[in-house]
Amino acid sequence: MNGIFEVRWHGRGGQGIVTASKILAIAAFNEGFVGVQSIPWIGAERRGAQIEAYNRISYAPILLHSQVYAPNAVIVVDQSILSENSSTTIRGLKKNGFLVLNAAHSNVLSSLRVPEGCSVYVVDATSICLELGLQVAGLEILAIPMLGAFAKATDLVSIKSLENAIKSFFEADSVKKNVDAILKAYWSTRKVHLKPEQYLSPIPPSKPVRIPEIHHWTDLPPVPTSTPSKGSIGKTGDWRTHKPVVDREKCSKCLFCWMYCPEAAINVDSDGFPEIDYDYCKGCGVCFNECPREAISMLVDEK
Amino acid sequence: METLILTGNHAVAYAVKMARVQFISCYPITPQTGIVEKLSDFILNGELEAVFVPVESEHSAMAACIGASLTGVRTFTATCSHGLAYMHEMVHWASATRLPIIMAVVNRTIGPPWNIWAEHGDSISQRDTGWIQLYTSNHQEAFDTVLQAYKVAEDPDVLLPVMVCLEGFVLSHTVQPVVIPNQEDVDAFIPHEPWKHIIIDVDNPITHGNLQMPEDWFYEFRFLMHRAMEAAKEKIVRCSKDFEKTFGRNHGHLVEEYKCDGADVILLSMGSLADQAKVAVDVLRDEGYKAGALKLRAFRPFPEEELRRVAKKTKCILVIDRNLSPGKGGAVASELKAALYGFKGMPMVLECVAGLGGRDVTLEEEVNLMKQAFKVVEEGGEPSGIIWLGLK
Ligand code: SF4
Ligand code: SF4
């Protein structure tokens, strides 16, 4: 390997990509790389929101401190992100790079477009987490098995180095689960064969634009203001991997859930029962956690 | 029009009254208290129709002013020293929300050791908050500058808050004659038109100050503040010229020159020492020295072009700073040197730190300092660090 190998992780808040990128940095260091870096992209801290993290791996010390724009590898731990916006996800991915995906549906894989020479690997990280009970606060820590998939795809770090990194990172009682997840993922990761028309020229590196109607400082007012609006950040329901469902038999109409919902996605119906607006419910599970009657269950969302 | 014999504090309070300020929130602190008391009197006896909100701290005073200013009313507060330091967070909020709040800073040392007397360090340490800072040299100037401050701050091209600075005790508690203009003239000079860029209205709710991600527009909003500061330079000059037309007084615009043409040494200072420097220059001229004095009125925005224009005329600028950044020196000297650096034909800069903690600076001391500077110039010497005035 010449120069710096750069990695970009895509996930949602709560799926462990920041932790996994730290573990990858430790593992790469164990592997003999002198320059390793893990960079969390700290955005609006919202459970369920899309987040990114980055790694740099090099044989020489790393002096760069900016974010990663042209990665050699992209790891997508939540497949809904890829189906939501695949060009944002693979933006800047280098030729001959790696795309490592969690259990993409076959229709996602067949519509996938990647830069020339890229290899695509998939693993069913969700099933591995469910099987091993690798969950925190109701969410699968999908990024951990993805470490195994990354190791298989790139050959940059060994299972041994990952295992040692896990040991230095977690309490003894959770080491086994995490190591097992990595091992299972390593052995079940497979390479996807793409058709020639699925290769394209690289998508230039860029940052997604959040406020598209403003182009230049001359368009700005002296002070930014906002007026209240519904769903100004889009349909946050698309972020959901788990769906809260209210059992009216158990519900006492206390409306704790309504009060705690960080997205104001719970309305009150004419009978006084909470009614979840699934267009905006992001599946964070706060209502599930707060309900004193255990009247809310979180079910895997089959969107 | 009448002339009253007023303390510096009361001069400020009279100006606030005549500006028809609608909202005041203050927390008293020595030596600013006289302003708060006089304004309370004005409100109590009906001379000023304003809401006065007493608060438990300076942080809250500024927060209250921000809230009031967001509704478009003319707003005032005053503080200094520890009070200003405590207010610091809200000082940023006011400017970044681009609110034309006026605050009198009755400059006082920050302890410890405990000390209530004059020093510019309190407002200088708010240098980077995005407030316009105007320093005044006497009671009349303090009065006039409050009126000018409202005109500049509320200009749609500026929309920045202003600190009007006057030294504690030296100006705040001494008395001098102050010409009080006619109310109609003041009303015509600063008619109140509520700003439009941000207005809180309960029927049309908005939020402001919301998150800007690094890739959004935060950087550009700061650029706009800087641009507004740059625009303020011209506005301060224009306002000061208009003021002279109406009221017949001129305190200099961004800087005030005194006998700088043909001067070999120019004494640059802010506040009361700048008034006194004019007398020192007269003394020196009588003795045959080619001396001049330069008053820095606006510290923010910093008038680089004007300073270079004056600097070109002389061989040496001697700066007296009534503030100290330990490990560097005085703020005015530092910034002056940065403004001159790299331009052709710039003079030597000598720096003196004096008058900290209210230590008195006499006319004789100013004269002797300048003589020291003349000696360095004559001998072809160069600067050799900070000159400490009367260090025991
Ligand atoms: S918190 Fe639970 S019991 Fe209370 S209203 Fe919500 S679902 Fe019903
Ligand atoms: S309804 Fe429940 S799961 Fe959905 S956003 Fe609100 S608190 Fe989170």
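1. In this predicted model, chain B is built from twelve helices and 16 strands. Its radius of gyration is 21 Å, close to the 21 Å that the globule rule gives for 392 residues, so chain B is as compact as a globular protein of that length. Along the principal axes, the C-alpha atoms of chain B occupy a box of roughly 70 × 55 × 45 Å.

2. Of the 392 residues in chain B, 58% are buried. When contacts between residues at least 6 apart in sequence are considered, 82% of those in chain B join residues at least 24 apart.

3. In chain A, helix α1 covers residues 17–30. At 1.5 Å a residue, its 14 residues should span 20 Å, and the end C-alpha atoms are 20 Å apart, which agrees with that expectation. Just after α1(A), G32(A) adopts a positive phi of about 110°.

4. Which residues of α1(A) are buried? They are I17(A), A20(A), S21(A), I23(A), L24(A), A25(A), A27(A) and A28(A). The packing partners of these buried residues in chain A include three strands, β1 (4–12), β2 (35–40) and β3 (50–58). The helices α6 (143–154) and α7 (159–169) of chain A also pack against the buried residues of α1(A).

Terms used
Residues numbered from 1 in each chain as written. Chains lettered and ligands numbered in written order. Predicted model: local features only at pLDDT ≥ 70, side-chain atom pairs only at ≥ 80, totals over all residues. Heavy atoms only, no water. Helix = DSSP H or I, 4+ residues; strand = E, 2+ residues; numbered from the N terminus. Expected span 1.5 Å × (residues − 1). Buried < 20%, exposed > 50% of the residue type's maximum accessible area, 1.4 Å probe, protein only. Contact = heavy atoms within 4.5 Å. Rg over C-alpha atoms; globule rule 2.2 N^0.38 Å.
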